[in-house]
Amino acid sequence: MKRMLAICLAITLLFTAMPIAASLALSQYGTVTGGWLRLRSAPSFDASTVSSYFTGTQVKILGSSGSWYQVQAPDNKTGYMYASYITVSGG
């Protein structure tokens, strides 16, 4: 009985930890290329500019929408950057 309970507990812990490990593995970073790149409030060239970042700035990629990445900049501002000007690297 104790052995069966221990096995069930181990399986439960394994399946609980899997989504956490998967989300950590998906963290990606990107580097701004091509001069100044605008961080926009929405994934559109018509969206307002939140801030601008120079080539070499590293951003955390939070997601994507079409040709845009949703990113978090080093100053913790979040928004969208055009994907063609981001070089993606692993986490």
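Strands are taken here as DSSP runs of at least two residues, numbered from the N terminus. In this predicted model, a run of antiparallel pairings links β4, which spans residues 58–65, to β5, which spans residues 68–72, through 5 bridges. Within this pairing, glycine 63 lies opposite glutamine 70 of β5. The hairpin that β4 and β5 form has 2 residues between the strands, and glycine 66 adopts there a positive phi near 65°.

Tyrosine 69 has methionine 81 as its bridge partner in β6. The hairpin of β5 and β6 carries 5 residues between its strands, and asparagine 76, which belongs to the turn, has a positive phi of about 70°.

Proline 74 is located in the loop between β5 and β6, and it is classed as exposed because its relative accessible area is 55%, the threshold being over 50%. Apart from neighbours within four places in sequence, proline 74 is in contact with Thr57, Gln58 and Val59. Its C-alpha atom is separated by 9.6 Å from that of tyrosine 53, a residue 21 residues apart from proline 74 along the chain.

Serine 51, by contrast, is part of strand β3, which covers residues 49–53, and it counts as buried because its relative accessible area is 18%, the limit being under 20%. When neighbours within four places in sequence are set aside, the contacts of serine 51 are Leu37, Arg38, Leu39 and Lys77.

Conventions: Residues numbered from 1 in each chain as written. Predicted model: local features only at pLDDT ≥ 70, side-chain atom pairs only at ≥ 80, totals over all residues. Heavy atoms only, no water. Pairing = 2+ DSSP bridges. Helix = DSSP H or I, 4+ residues; strand = E, 2+ residues; numbered from the N terminus. Buried < 20%, exposed > 50% of the residue type's maximum accessible area, 1.4 Å probe, protein only. Contact = heavy atoms within 4.5 Å.
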